Amino acid sequence: MKKIWDISPPVDAQAAVFPGDTAYSQQLHFTLGADCPVNVNAITMSPHTGAHADAPMHYAAGGAAVGALDLAPFLGPCRVIHCLNAGALVEPHHLANALENLPPRVLIRTAQRASQEWASFIALAPACIAMLAAKNVVLIGIDTPSVDPSSSQTLPSHQQLHHQNLRVLENLVLDDVPEGDYELIALPLKLMTADASPVRAILREL
């Protein structure tokens with residue numbers, strides 16, 4: 001049996017979201033009992049809760065919804081790269097020692113312990129995205145709430161993702177994952193009009 005790393009944070013009422021975004025909530029719609037054979041919950045949440053895939057329509061006018069995206073980028077060989085002392089932004093030189101024979105997916109660990117909180121976190125410089133795209137990377141993931149800084153209003157890294165036609169995963173948990181190559185499985189739901197989708201992201205040893 002190949003080892004599996006679950007790289008998704010818990011999704012519940014304590015899950016952090018962007019300030020003002022829809023928090024996770026859940027209540028019973030049908031209740032198991034003498035008159036009902038099942039429990040069925042109604043769930044309300046932002047599609048950016050927990051580990052999630054952004055769709056182009058999240059940051060680009062006329063961009064595709066998440067349900068229309070090709071699934072291939074979300075499944076296959078990937079490399080986990082540690083950038084634990086990068087400062088405010090992961091820059092190209094922070095990745096330079098891990099680019100040989102690069103697989104098509106790259107996950108970047110920025111912190112000893114991942115946090116979903118929208119406060120101070122390390123983001124990804126647009127130049128990193130351009131560099132990885134030039135090396136035929138199709139998906140980039142990060143262990144923070146966003147590839148852009150929390151205060152950004154122009155979202156240059158998201159715009160670079162759009163320019164390069166790359167997919168992105170945010171809010172991953174890479175705390176216990178050694179640097180190296182894995183198989184990524186992180187499929188978004190087929191939400192045909194949504195700007196993002198939660199994923200149950202895992203890594204499996206090759």
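Five salt bridges are present in this structure; a salt bridge here is a side-chain nitrogen of Lys or Arg within 4 Å of a carboxyl oxygen of Asp or Glu. The model is predicted, so local features need pLDDT of at least 70 and side-chain atom pairs count only at pLDDT 80 or more, while totals for chains, interfaces and linings use all residues. Residues are numbered from 1 along each chain as its sequence is written, and side-chain values use heavy atoms, with hydrogens and water left out.

**Salt bridges**

- Arg79 pairs with Asp181, and their closest N and O atoms are 2.6 Å apart.
- Arg79 sits in strand E5 and Asp181 in strand E11, so this pair ties together parts that are 102 residues apart in sequence. (Strands, E, are DSSP runs of at least two residues, and helices, H or I, of at least four, numbered from the N terminus.)
- Arg79 is buried at 11% relative accessible area, while Asp181 is partly exposed at 34%. (Buried means under 20%, exposed over 50%, and partly exposed in between, using a 1.4 Å probe and protein chains only.)
- Arg113, Asp175 and Asp176 join in a network of salt bridges.
- Asp175 is buried at 14%, whereas Arg113 is exposed at 58% and Asp176 is exposed at 57%.

**Backbone angles**

- Most residues other than glycine have a negative phi.
- Asn101, however, has a positive phi near 50 degrees, and this residue is exposed at 67% relative accessibility.
- Leu155 also has a positive phi, about 50 degrees, and lies in the loop between strand E9 and helix H3.
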